[in-house]
Amino acid sequence: MRLNIPTDLAGLLQTGLLRSVGSLGIKVATAGLTYLTYVVLSRTQTNDEYGHFAFGLALATMLAIVAGAGQPLAVLRLWAEQRSKGDDTGAQSVIAAGSTITIYASIAMAVLLCLVALVYRPFAGPNETLNHIFGAAILILPLALSEYNSSALRAQGSLWTALLPRDIFWRLALPTLVLALFALGMVLSGPDALVLAAALLLGMLALQMLLATRRGYTIMPARAPVPGHWNRWGRLSRWLLLGALIETAALNADVILVGLMLDLESSGLYFNAFRTAGLMTLFTFAIELVIAPMVAEHFHTGNMRKAQAITALCSWAGFVFSLVIFLGFGLFGTEILSLFGASYAEGWLILMLLSFGLLFDAITGPSKIVMMMTGHERPYVAIFGAIMGVGLLVQILVIPFWGLIGAAAVNMASRICAQIGIALWCRFRIGLDTSLLGVLWLRKGQDAARA
């Protein structure tokens, strides 16, 4: 049955879809290059060294979110909110202050991690190295600032400047340089790979900021607006930080737990399975990059019809893409994992469990983004955080007995429950149906009152 889209929404959906396709193109290329990087590293390193890299990258990713202090999500919401009120100066101050906070917090987090490693070193085993911890510390600032810059530029309507330097140029340069060094007889260790990744990403950040400045985007940090910004938006930033940290922990804490409770080789196998499963969310994530500022703009101006329309677009486009990838994993998952090496092919069941959990991200749609962009960050933290937190505790209990299969099964169950929970909140408390059923609302062509 053909869906008749109201004419006043057709232009909005077309614009959103076209920009989402552009974003998807970048993200598909990103995924391919990221996958290439992991394959190159796993093929040129021993399983143990690759485990060090996987552990360090997961740790740096989580700590980079902490260092971001909620600013990447805050700038997406506050830029649109301030601009809708006609406060251009306030919107620019939000970006400058957020950048400065990210830089300072990243440096502090890196120093703290190094101190923890130094304190722990006397208790480490004779053959245990902590160099991957120091490598993770070096990577925190580039990861945190690249995430913030991407959000700040996307909030201003940029797509290519926001995404190309980190998502394409960096991910192309890293495997290329690793292969070049390998051809010269230089095999990188796990910590070496982390430091190289950090150095290259810093170079891409400098390029991005230069391009953004020349094109008239606000991107540079400034200390002056920081006190006022934090006094006004500090509480919001903390809740957004918790939300981002919970989502990142749901994607990375398993890898760290497996490395700590089993061994780093198992950590590398789980890391590859999870990163492979994450390919399912490419289109959903690509669309969310585009719709986040659009949801904030339409919600805060009271236009719920347009907000509902773009969430319906996101949910269905993401679901169709995710379902195709999920079926592909079912048929060819073993062959895909074997790209990392023969020893990684045994992770098919782990891949399928994690993938089924991520399939619910697409079924329930952009519920996280809707809650974050509409002022419901506290319920998001409470619902999603509580469920995933309980799941993390259960993983600690089951990993010693059921290993990687137990970790993956608990992650799947936790994610399904959490996604359903926040989707129900969006439907009944915000007034936006982010799930696949949200498309039915478009047939009515009626305005919805903001909850």
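These are legends for a handful of views of a predicted model.

Figure 1. Along the principal axes, the C-alpha trace spans about 65 × 55 × 40 Å. Buried residues account for 60% of the 451 residues.

**Figure 2. A salt-bridge network links Glu147, Arg166, Asp167 and Arg171 through shared partners.** The structure holds seven salt bridges. In this view, Glu147 pairs with Arg166, with the closest N and O atoms 2.9 Å apart. Glu147 sits in helix α5 (residues 131-155) and Arg166 in helix α6 (residues 160-183), so this pair ties together parts that are 19 residues apart in sequence. Glu147 is partly exposed, at 27% relative accessible area, while Arg166 is buried, at 13%. Arg166 also meets Asp167 in a salt bridge, at 3.0 Å from N to O. Asp167 in turn meets Arg171, at 3.3 Å from N to O. Arg171 and Asp167 are four residues apart in α6, which means about one helical turn separates them. In an α-helix, residues three or four places apart point the same way, because there are 3.6 residues a turn. Both Arg171 and Asp167 are buried.

**Figure 3. Helix α9 (residues 264-277) is largely enclosed by the rest of the structure.** Of its 14 residues, 13 are buried. How does the length of α9 check out? At the start of α9, a side-chain oxygen of Asp263 comes to within 3.1 Å of the backbone nitrogen of Glu265.

**Figure 4. A nonpolar patch on the surface brings together Leu260, Met261, Leu262, Leu393 and Ile396.** Together these residues have about 440 Å² of accessible area. Helices α8 (226-261) and α14 (377-430) each supply at least two residues of the patch. Leu262 belongs to the loop between α8 and α9, and is partly exposed, with a relative accessible area of 34%.

**Figure 5. Ala69 has a positive phi of about 55 degrees, although it is not a glycine.** Where is Ala69 found? Look in the loop between α2 (47-67) and α3 (71-84). Ala69 is buried, with a relative accessible area of 9%.

Conventions
Residues are numbered from 1 along each chain as its sequence is written. This is a predicted model: local features need pLDDT of at least 70, side-chain atom pairs count only at pLDDT 80 or more; totals for chains, interfaces and linings use all residues. Side-chain values use heavy atoms; hydrogens and water are left out. Buried means under 20% relative accessible area, exposed over 50%, partly exposed in between (1.4 Å probe, protein chains only). A polar contact is a pair of N or O atoms within 3.5 Å; within protein, one must be able to donate a hydrogen and the other to accept it, and residues adjacent in sequence count only if both atoms are side-chain atoms. Patches are made of residues with over 30% relative accessible area and no salt bridge: like charges are joined within 9 Å, nonpolar side chains (Val, Leu, Ile, Met, Phe, Trp, Tyr) within 5 Å. Accessible areas come from the Shrake-Rupley method with a 1.4 Å probe; for residues, only the protein chains shown count as cover. A salt bridge is a side-chain nitrogen of Lys or Arg within 4 Å of a carboxyl oxygen of Asp or Glu.
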